[in-house]
Amino acid sequence: MIPRLSIRAAAATAAIVLAATACGSGTGGGAGGMGPGFDKASSQILNPSTKTGGTINLITSQSFDSVDPGVTYAGSTWNLFRTFARPMMAYQHTPGGNQIVGDLATGPGVQSNGGKTWTYTLRDNATFEDGKTITSADVRWAIERANWSPLTGNGPTYFHNILTPPNDPRFGKDLDVYKGDKMFDNIIVTTDPKRITFNLPQAFGEFDYVMTLLQTAPVERASDVNDGDAYAKHPVSTGAYKISSYAPGKELKLVRNDAYNAQSDPGHMHVALADVIDVQLGVDSAERDQRLLSGQADADLSSALTVANHAKVLQDPALKSQADDAPDNSVAFASVNTKLISNVDCRQAIEYAIDKGTVLNQLGGQWGGKIANNLLTDGIPGAQEFTAYDYSVPKAQAALAKCKAAAPSLFGSDGKLSFKIAAQVNAPDLQNAATAIQASLSAVGIDTEVKLYPFGQYSQYCGNQDYSIVHRLGMCLANWGPDWLTGYGMLDQWITRNGIAATGSQNYAFLDDSVVNDVEKHALASGDPSTQQQDWVKMDHRAMELAAYVPLVQRHVMRFRSARLTNVMINQAGGGGYDLSVFGVK
């Protein structure tokens, strides 16, 4: 197994020392206020403070896929929802950090049975917002409802894939715990209300990372009825904040959870410094940038400032001092629908045809990242850069001609390959990238149309195989980052059959390749870290050979932070963005 980070050693020093860390302090909020300096939040805690009170004003041009922590699958929601949903394990609050420590759990899982059994102990005095004590059964229900019910597939499916015994007659069947279907009693054991034990079919050394997922945030069975529909409207808090009000697509307001017991949180993983966190949703991207730069909003949930405002920020000393431009381990990519464009030569023609330099320009040039030629990004241990396809119009045309000879049915009556390219509403930079791709493909004789879909429902369109075929969604543009920084955390839900679900796949290419799937199995069965890292690279090569994805740019994200925000840092708790859980305001 890939060795876990030294989380046991870090557990003893997990508390944040906000008041004595980093350097620099702003002189005020909003336009004209000087911040601590440009691009410092990955290495320092900016404006450290323990001051309480005030309102944090967050903003996003997106809308949530769901406020139910068990079924959301977006970095921005994972980041924000940790303020009110408490997972078993969590990322330590340190600048640039990727260290995981116990949150609701007292610490990392205790392994036995050759790494097949993992046991976690819950902290004392942890409660729901209604004051009821959290038990191991509540954690079990949270995991079961998200992985063995109609909710499955709307969020990550790691627990479903890792825990379901492959030799069980129910494997591959759609169990529904809401209808009384029994999960595997010997797989998740909760006979002790303070302990939860997982008996895995095979050893899996990264299980502590899986326990950082919000699907481990406890859910009371009594409060979760009607197949999760009612719960999704108002999840019950286990964190330091709770939901005060939610208007889908417009606003989410969080206030302090008075029932949160700080004694259950000796590592200070949840610190409710501000009285209120107000999140404005679905704001037009130009308006969002204007509110940020004028001081009306303190930070965006995850999105980069639009490229149109990069120069304005970089040329203004005050604005620049409140900005960061840091890699977040994600890649901007275009999936290629292997079910719609079934011939590999056609897909390879697309790979050769795209001028990634023009795409990089639309995503910010040097401030947007660097051209990506393969799937594993630089932050993944063992990743190797390689170029499978260079930009070549002649090679693209030759591959397209070969495809037309072998699969003429893929071409229309006009003799051309044609399909739609999906991009996201309110994401002008990705839309411009889609237009650049459209121009590149047109130059080799491929006709496309750019179609926009809402962020919160993107996987329901791009990830729905039947819909994508009927509506000829040949390519989908998006950003993808690792669920945790290993090859498995990057690739499993993205390019293997594990990422394909009827309700909304994350594997937009619908790539279900026996070589990719078998190499992953080999990696998971291996006890040698170097072998595993080599296998992740093999999966990368195979996916590129099949031309199922066009990696475009390893992203740098230019973010903006109000000078009045305190405890500002970028780390893996924020998915490579600002760690929202510790924000305060001056």
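This is a short chat about the fold of a predicted model.

Visitor: What are the ground rules for the numbers here?
Guide: The model is predicted, so local features need pLDDT of at least 70 and side-chain atom pairs count only at pLDDT 80 or more, while totals for chains, interfaces and linings use all residues. Residues are numbered from 1 along each chain as its sequence is written, and side-chain values use heavy atoms, with hydrogens and water left out.

Visitor: How many helices and strands are in the protein chain?
Guide: There are 18 helices and 21 strands. Both are DSSP runs numbered from the N terminus: helices are H or I with at least four residues, strands are E with at least two.

Visitor: What share of the residues is buried?
Guide: Buried residues make up 59% of the 586. Buried means under 20% relative accessible area, exposed over 50%, and partly exposed in between, with a 1.4 Å probe and protein chains only.

Visitor: Switching to sheets. What is the strand order in the open sheet of 5 strands?
Guide: The order is β8-β9-β10-β1-β11, with mixed pairing. The edge strands, β8 (241-247) and β11 (299-300), each pair on one side only. Two strands pair if DSSP finds at least two bridges between them.

Visitor: In which sense do β1 and β10 pair?
Guide: Strands β1 (residues 55-59) and β10 (residues 276-280) are parallel, over 5 bridges. Within that pairing, Leu 58 has Val 279 of β10 as its bridge partner.

Visitor: Now β16. Mostly covered or mostly open?
Guide: Mostly covered: 7 of the 8 residues of β16 (residues 473-480) are buried.

Visitor: Which strands does it pair with?
Guide: Strand β12 (residues 323-336) pairs with β16 in the antiparallel sense over 6 bridges, with Ala 332 opposite Asn 479. Strand β14 (residues 417-424) pairs with β16 in the parallel sense over 3 bridges, and there Lys 420 stands opposite Leu 473.
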